[in-house]
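The stops below go from the whole chain down to one residue and back out.

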Amino acid sequence: QQFAVLYASWQKAVKELTDAGKPLILKTLEEILNVENARIATTEKETDLGKIYRQIRELGIEILPILLEVAQKGDYTLLPMVTELSDNAVRARGAVAPKTTTEKMTRDFARWWEKNKEKYTIPFPPAESEREAGRKSVLEERSRYIDGLLKIVRSDVVKGEPYYSTTTSRNIAVYLLGEFRAKEAVPDLISWLVPREGQGEKISEEVYLPPAGMALIEIGLPAVEPPRAKIEEEGVKSRLGYECLKTMYKIKGAAETQRLLKKAVQRQKDTAKRKRLEAALEMLPKLPGIKAEEFDDAEDEPETPAPSEPEEKPEE
């Protein structure tokens with residue numbers, strides 16, 4: 001469609017030249033190249049004809065079969081473009097090159113295209129229905145893989161199973177869920193931020209996060225809010241809440257985690273949950289390896305604090 005519009009403009013411009021006594025109905029390759037060089041390539045300012053020629057050429061190799069059709073119908077004015085788009089494969093050869101006729105070059109073009117069209121043909125994009133069917137198929141396949149991995153993650157713990165090992169079937173599945181960016185696995189992965197009964201915690205080197213924490217980092221933004229919600233429920237004095245805070249920090253960084261927690265404090269109406277969030281804010285700068293310069297100096301925009309629930313007085 002783009003070619004049709006541009007080609008119509010090209011034909012109009014050629015006709016104007018013809019009407020002005022400067023015909024562009026060419027007989028030999030020499031004339032084609034001379035006209036192109038004189039009227040297009042060497043002008044300091046791009047001519048109208050040169051602009052159209054450039055725009056057609058920029059459509060790329062997908063127009064090669066259209067150019068062949070145009071030439072076979074007797075319009076040889078775009079043949080120089082064929083030489084460019086075919087990487088000089090279609091051109092006049094030998095000592096008599098200047099006398100090579102446009103008809104012969106067109107025949108050469110047709111033979112070359114027959115042999116090379118598979119290499120130069122750009123397939124049309126699939127129809128909308130085909131794209132949708134392909135997308136659905138990929139999503140279904142992904143869902144099957146994730147369901148299978150979650151089944152392994154949820155399996156019963158074998159007594160003595162290493163919690164930190166990277167070679168157990170459970171932790172291999174955990175890492176793969178991270179690589180799949182499986183946000184549907186976030187609740188399961190959070191539950192595995194702490195070892196289960198029967199698992200061994202012996203490690204050969206210090207680690208910042210357990211395997212589930214590393215997977216949550218891979219999942220990224222979808223794995224930020226659930227750990228924050230878990231902190232509200234558990235508090236950072238619990239091991240699970242503490243691991244959730246470290247996970248948030250590793251995903252969002254110190255400054256952004258601090259902002260998120262402050263906003264959560266301002267929005268939270270439940271007194272107990274708000275206190276757990278405040279405790280997390282106090283704990284954040286004390287996390288291993290964290291540095292003061294990681295926090296922003298700028299204050300967050302103030303929000304209206306949520307009203308507190310009245311604290312119950314202990315019975316006398």
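What follows is a list of selections, with what to find at each.

This is a predicted model: local features need pLDDT of at least 70, side-chain atom pairs count only at pLDDT 80 or more, and totals for chains, interfaces and linings use all residues. Residues are numbered from 1 along each chain as its sequence is written, and side-chain values use heavy atoms, without hydrogens or water.

**Whole chain.** Color by secondary structure. There are 14 helices and 0 strands. Helices (H or I, at least four residues) and strands (E, at least two) are DSSP runs, numbered from the N terminus. Of 316 residues, 38% are buried. Buried means under 20% relative accessible area, exposed over 50%, partly exposed in between (1.4 Å probe, protein chains only).

**Helix 11.** Select 225-234, the residues of helix 11. P227, R228, I231 and E232 are its buried residues. Now show what covers them: the cover includes helix 9 (186-191), helix 12 (239-252), helix 13 (254-267) and helix 14 (271-283). Step past the end of helix 11 to G235, where phi is positive, near 80°.

**K230.** Stay in helix 11 and pick K230. Is K230 buried, exposed or partly exposed? K230 is partly exposed, at 29% relative accessible area. Leaving aside neighbours within four places in sequence, K230 is in contact with I190, G235, L240 and C244. Contact means heavy atoms within 4.5 Å. Then draw a C-alpha to C-alpha distance from K230 to S191: 9.8 Å, across 39 residues of sequence.

**I231.** Not counting residues up to four places away in sequence, I231 touches V236, G241, C244, L245, M248, R276, L277 and A280.

**The cores.** Which residues touch the most other members of the largest nonpolar core? Select L177, L189, I231 and L245; the core has 40 residues. Such a core is a set of buried Ala, Val, Leu, Ile, Met, Phe, Trp, Tyr and Cys residues joined through side-chain atoms within 4.5 Å. Elements giving two or more residues to this core include helix 7 (128-153), helix 8 (169-179) and helix 10 (211-219). Helix 12 gives the largest share, 6 residues.
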